[in-house]
Structure formats: structure tokens, C-alpha cells
Amino acid sequence: MTTPPRALTIAGSDSGGGAGLQADLRTFFACGVHGLTAVTAVTVQNSLGVTGFTAIPAAVVAAQIEAVATDIGVQAAKTGMLATAEIIAAVAAACDRVHIGRGGAIPLVVDPVAASMHGDPLLRDDALDALRTELFPRATLITPNLDEVRLLTGIDVRSRDQQRDAAEALAEFGSRWVLVKGGHLWDDPECLDLLYDGTEFTELVGPRFAEVHTHGSGDTLASCITAALAKGNDVPSAVRAGKDFIVESVRHAYPLGAGVGPVSPLWRLPDAETFLAP
Ligand code: PLP
């Protein structure tokens, strides 16, 4: 067997298995990429929401990144829930040491996770500034949703025009590319994600589903993009692949618990239901 490409997720654990590093690992697997993890926080979570989290010591997060990057090797990395400003600073420094991010050769996708879809905080308030100043300049791509856009820029996007304004404002923070996800533009009959490189806009249009089970959709999109980068795609083709992947994963979302179920990449394993059936 040849060794598959490796992708690293720097993210929090979701005990419900729908989002966070659990979503990232299953997306990496479905994309044919070996997943590595640097755990940043452990959330206490089920389909009804997040009731608390414990952050991992920043030095332990940095040590995980260095341990896997120096021995196993990483072709692309992503960040999800980072929890605290100390963790963000430690991640930025560790990424520099192992050449992850814009200064190095390994692409870095930054999903600026701030809260769950239920509104539960996943990032301490004082950490927003650390995201903007320490991580965005290192990012190959940032992938905010419209709630995160409002927190990061103050722009309350209500139209596709404002989505462009937000992309321009976010590009000022120094990432190479910006993807402003339009999933939360509820009045829009389609779901438009806007990719911006500081000069040109690319519109990625997909269907808007009535689906209520969308837990983990942001993580799944960003990790598919990261997997595609790990396989050697450029950013526009990785984002296109991610969009196609998340559309199918929302289509195949399933109910779980009494609340919101997860999007699912199981459609990539056509015999998943029959395999091991007695
Ligand atoms: N829990 C963890 C650990 C996450 O990283 C995220 C999102 O990135 C969530 C929960 C929230 O996911 P959602 O907003 O899809 O419910």
C-alpha cells in the first residue's frame, strides 16, 4: 500500500460526533486522506447544544502539531475551534516552526469558529482579535460564515452585495484567499459561497435545502477543502470540490438525538449500509 496524503486538523472534540475534529476525520477519510489531530478543547455536547468545554493547555496543542508534522508529515492543515487567545498564539508559533501557513510550504485553512449553531460560545471573547491578527495573516484561506463575518468585521450581511463588501474587508486581515459562506443568508433562494483573492470574485452557487440537520456543515466543508489541498489541488479547485462535497453531505444528513443531526459524508461509501449486515 502507498501512504495516502496527510491532513492535520487543529480542532475541538464534539462528544456528539457530528462536528469538530470528529467531522474533520470522517471527511478526511471519505476523501482518501489520512487525518492527524491536534486537539484544542473537549466540548460537552449532544444534538441539543454545547453545555461546556475545557481547553487543552496551549503548549500541549503546539506539541501535538510539532509531533505529527516532524515525523509523519503534513500536506495541508486546518484550524477549527481554538477556544482561547493563548491557544491561537501557540498554534501560530507552532505552524511557523513546521512551515504550515503562508510563510511556509504547507497550506493552512482557517475556519474561524466562534459559536455553535445553537449560539453556544466556542471561543473566548478576547480571542477574536488573536484570530484576526495572528492567524488570518498566516492563512491560505479563511472560511467564515455570516455570523462569524459580523463578529470579525461588524458587517451584518443581508445581501449578495454586502457579501462582497465583507470579503473585501476580511481580505484586509491578510489571508491569501477568503471564502464568505452564504448559508445564513436565509432569504436567498440559493446558497452562494463567495471566493475572493483580493482582486477577483468567484461565485459558487448551490441549492438551499430545507434540511434542519446541518450540524457540522462548516467543518465538513473546510475539511474537504483541506483534503483537496493535501492532494495537490489549487485553492479554486479545492473550494469547488468542497462545495460539491458539502451539497451531497447536507443531502445525506440524518436525524440524531432530539435536536439537530449531522451532515454526513457516508454517501462516499456506497455500501456503508449493507457492509457487515448480518
Ligand atoms: N463543536 C465543535 C467542537 C466545533 O468545532 C463546531 C464547529 O466548528 C461546533 C461544535 C458547531 O458546529 P455547528 O455550528 O455546525 O453546530
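## A tour from the ligand to the central strand

Select the ligand: 14 residues surround it, the closest being Gln45, Met117, His215, Gly216 and Asp219; a residue is near a molecule if one of its heavy atoms lies within 4 Å of it. The model is predicted, and local features need pLDDT of at least 70, side-chain atom pairs count only at pLDDT 80 or more, and totals for chains, interfaces and linings use all residues. Residues are numbered from 1 along each chain as its sequence is written, and side-chain values use heavy atoms, with hydrogens and water left out.

Next, display the polar contacts, which are pairs of N or O atoms within 3.5 Å. A polar side-chain atom of His215 lies 2.6 Å from a ligand oxygen atom. For Gly216, a backbone N or O atom is 2.7 Å from an oxygen atom of the ligand. In Asp219, a side-chain N or O atom lies 2.7 Å from a ligand oxygen atom.

Now colour the strands (DSSP runs of E, at least two residues, numbered from the N terminus). There are 9 strands in an open sheet of mixed pairing, ordered S3-S2-S1-S4-S5-S6-S7-S8-S9; two strands pair if DSSP finds at least two bridges between them. Strands S3 (49–55) and S9 (201–207) stand at the edges with a single partner strand each, so one side of each has no neighbour in the sheet.

Strand S1 (residues 6–14) runs parallel to S4 and is joined to it by 4 bridges; Leu8 stands opposite Ala77, and the bridge partner of Thr9 is Lys78. Towards strand S5 (residues 108–110), also parallel, there are 3 bridges, with Lys78 opposite Val109.

Finally, show the largest nonpolar core, of 56 residues, in which Leu8, Ile10, Ile65, Val91 and Ile100 touch the most other members. A nonpolar core is a set of buried Ala, Val, Leu, Ile, Met, Phe, Trp, Tyr and Cys residues joined through side-chain atoms within 4.5 Å. Helix H3 gives the most to this core, with 8 residues. Another core lies apart from it, of 27 residues, including Ala7, Leu204, Ile225 and Ala230.

Notes. Buried means under 20% relative accessible area, exposed over 50%, partly exposed in between (1.4 Å probe, protein chains only). A polar contact is a pair of N or O atoms within 3.5 Å; within protein, one must be able to donate a hydrogen and the other to accept it, and residues adjacent in sequence count only if both atoms are side-chain atoms.
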